[in-house]
Amino acid sequence: MRIVKVLGVLAAVLVIATCATLATAEGQVLLNAAGATFPYPIYSKWFDLYHTAHSNVQINYQSIGSGGGIRQLLDKTVDFGASDGPMNDDQLKQASVPILHFPTVLGAAIPAYNVPGVQGDLNFTPEALSGIFLGTVTKWNDPAITSANPGVKLPGDDIVVVHRSDGSGTSYIWTDYLSKVSPAWQSKVGKGTSVNWPVGLGGKGNEGVSALIQQTPGSLGYVELIYAIQNHMPYGKVKNSSGTFVKADLASVSAAAAAASKYMPDDFRVSITNPEGKAAYPIASFTWLLIPSKFSDSAKRDVVKDFLKWMMTDGQQYCEALAYAKLPKEVVTKEMKAIAQIQ
Amino acid sequence: MATTPNAATPTDFTANPRSLLRRWTGADEIAHLITLIAAATLLLIAVLLVYQLWVLSGEARAKFGWSFFVTKTWDPVAGEFGALPFIYGTLVTSAVALLIAVPLGVGAAIFLAELATPRLSSSLTFVSDLLAAVPSVIYGLLGVFLLVPVMRTTIQPGLKATLGFLPFFKGPAYGIGFLTAGIVLAIMIVPFVLSVSREVLLAVPRDQREAALALGATKWESTWKVVVPAARIGIFGSVFLALARALGETMAVTMVIGNNPKIAASLFSPGYSIASVLANEFSEATGNLYLSALIELGLVLFLLTFVLNGLARLLILVTTARGSGVLPT
């Protein structure tokens with residue numbers, strides 16, 4: 001009996017060992033990544049398509065948030081990260097190898113509202129938006145808003161501001177834009193994924209914010225463009241730096257990126273809010289993949305480089321169906337050159 | 001003469017000193033050891049938890065010290081963090097929840113234990129247990145889509161019209177805020193108060209009731225003056241169990257509280273609780289100080305629960321001492 005028991009245990013151990021070795025069979029490359037939630041739909045589609053084309057490669061992406069992605073990358077628990085906001089200099093210093101930023105797609109933040117009696121698009125100037133979010137513009141019939149909307153009957157109701165309660169790339173884009181157009185905002189609040197909002201209710205996620213907006217008459221908040229399109233939410237136009245009121249859509253967002261690509265720095269850490277260009281939407285941003293410049297495992301490095309090349313060429317055709325704006329050609333050309341820096 | 005010990009014979013150490021190995025393999029000793037390990041593991045987990053919270057919040061503790069408890073700003077961009085709005089929000093929502101849930105729960109428990117037929121009692125308890133099993137996210141969604149519109153259009157304006165002179169019912173009626181969060185929490189903790197109180201009331205010996213009735217008390221007098229006081233320790237226990245749940249409740253609260261770190265007397269005002277800010281900001285927190293401040297908030301919540309539990313035990317001690325004649329009533 002005892003012999004049978006011992007043999008049984010040995011057999012179990014052997015089976016487990018074989019399974020373990022089979023899992024890491026020759027040629028299998030497993031990459032772990034983590035980061036931003038905003039581009040998760042397109043990333044998961046890309047990783048899935050890439051796996052179908054290269055069956056030995058498995059890329060596992062966890063959308064835990066940009067901050068989490070950066071932290072995991074610095075702790076080296078993932079192979080690469082993703083973030084809606086570029087890493088700042090302090091964070092880059094903490095990395096053991098230099099981190100490269102690769103823009104992947106574009107997103108935008110739009111002002112959504114629920115004003116009783118208003119059906120069409122409202123125009124918002126930078127002064128109006130910053131005043132509303134600072135709490136200095138408190139009513140819908142304030143001159144800052146009515147002057148941009150002649151002929152629209154705006155009620156005298158209070159504006160209920162809605163923002164994000166969780167840390168988010170959308171908040172980063174919004175506060176980055178407000179910091180650029182309003183010195184008062186820049187000194188009082190600043191930009192970040194999480195800020196000390198002077199006024200307003202906080203909703204969790206794009207869903208939370210849109211639920212609050214839809215339920216609260218007289219509310220104004222910001223959500224991701226894709227979210228507004230897919231949920232058929234009414235949203236307004238924003239005045240860009242050329243003075244045109246532009247409504248966010250894929251074309252105007254791409255125009256913002258094209259305008260910015262003229263002065264794109266080599267490390268791609270650029271903010272494209274409030275750019276030049278008549279057709280450009282002023283509150284747009286890239287989202288980046290954060291790739292270490294040195295890989296210890298050459299198989300992983302080759303997969304990453306190949307994936308980046310694929311993503312910038314074939315991968316971009318899937319963007320528009322999911323309502324993400326594609327990278328402009330100039331940026332793609334520059335990124336292709338930068339891939340060579342990964343060793 | 002050494003006799004071989006076995007499970008049937010109790011071990012007698014003085015008469016029969018056994019070898020170390022023999023002493024540790026008796027069935028009694030093994031049972032003792034296993035249960036000791038279980039208890040020690042629990043204690044170890046609690047200690048490790050506090051230790052980890054302490055260590056990881058080190059940076060924030062070093063920078064802010066005691067002022068963390070009294071600072072009102074929460075500014076991730078400037079690096080200034082203060083716990084006061086969150087402590088206030090947690091305490092206010094829990095207080096509102098208890099004010100609603102305790103009379104409701106204890107009243108229902110008294111009805112089910114004393115005045116209802118056994119079948120009605122067990123089926124209603126079953127329903128209440130089902131309520132307790134509903135995930136908190138569902139309560140949050142129900143709160144946002146059902147309760148908030150009702151609050152905004154009916155209840156809050158109604159309260160403002162009737163009790164608007166009180167500082168608790170001033171300000172614009174958004175629908176979300178401390179009051180709504182308190183109501184959602186109350187619905188979530190009523191089953192706890194109800195089931196534990198009911199069990200404790202049922203456990204009061206029958207002769208207590210019969211003695212009261214024999215002395216000429218009515219059914220209600222017997223219930224209220226004899227049975228409930230006999231069960232009061234258990235009822236207090238159920239209240240503090242419910243409070244512990246209310247303090248830590250995250251998802252339901254974060255959907256209806258407004259997520260605005262403000263301290264205001266009005267219950268209509270949006271606010272923030274510790275659990276909500278942790279749920280909202282933890283995953284995207286960039287920077288060691290920010291993360292460390294959030295973990296310190298977790299430590300504060302732990303401390304809060306600890307202090308409230310301590311007060312509960314003190315209260316029970318005092319009431320039992322008074323009841324048993326040690327302290328003057």
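**Ground rules.** Before starting I wrote down the burial scale: a residue is buried if 20 or more other C-beta atoms lie within 10 Å of its own, exposed if 12 or fewer, and partly exposed in between. I also reminded myself that this is a predicted model.

A:Phe268 sits in the loop between helix 11 (250–260) and strand 11 (284–292) of chain A. Is A:Phe268 buried, exposed or partly exposed? I find 18 other C-beta atoms within 10 Å, so A:Phe268 is partly exposed.

B:Asn259 belongs to the loop between helix 11 and helix 12 of chain B. B:Asn259 has 32 other C-beta atoms within 10 Å, and therefore it is buried.

I logged 13 helices and 11 strands for chain A. The C-alpha trace of chain A spans about 90 × 50 × 35 Å along its principal axes. Chain A has 343 residues, and 49% of them count as buried. Among the contacts in chain A with a separation of 6 or more, 72% come from residues 24 or more positions apart.

Why do I call strand 8 (residues 219–224) of chain A largely enclosed by the rest of the structure? Because 6 of its 6 residues are buried. Next I checked its partners. Strand 4 (residues 99–114) of chain A pairs with strand 8 in the antiparallel sense, over 6 bridges. Within that pairing I noted A:Tyr222 of strand 8 as the bridge partner of A:Pro111. Strand 6 (residues 160–164) of chain A pairs with strand 8 in the parallel sense, over 3 bridges. There I found A:Val161 opposite A:Leu220 of strand 8.

I traced an open sheet of 3 strands in chain A, with the order 5-9-10 and mixed pairing. Which strands are at the edges? Strand 5 (123–124) and strand 10 (245–246) of chain A are, each pairing on one side only. Strand 5 runs parallel to strand 9 (residues 237–239) of chain A, joined to it by 2 bridges. A:Asn123 stands opposite A:Lys237 of strand 9.

I found 24 residues of chain B in contact with 28 residues of chain A. On the chain B side, strand 1 (74–75), helix 6 (136–163), helix 11 (251–256) and helix 12 (274–281) each supply at least two residues. Which of the elements of chain B gives the most to this side? Helix 6 of chain B does, with 3 residues. By type, the chain B side divides into 12 nonpolar, 9 polar and 3 charged residues.

Key
Residues are numbered from 1 along each chain as its sequence is written. Chains are lettered from A and ligands numbered from 1 in the order in which they are written. This is a predicted model: local features need pLDDT of at least 70, side-chain atom pairs count only at pLDDT 80 or more; totals for chains, interfaces and linings use all residues. Two residues are in contact if their C-beta atoms, placed from the backbone, lie within 7 Å. Helices (H or I, at least four residues) and strands (E, at least two) are DSSP runs, numbered from the N terminus. Ala, Val, Leu, Ile, Met, Phe, Trp, Tyr, Cys and Pro count as nonpolar, Asp, Glu, Lys and Arg as charged, and the others, Gly among them, as polar. Two strands pair if DSSP finds at least two bridges between them.
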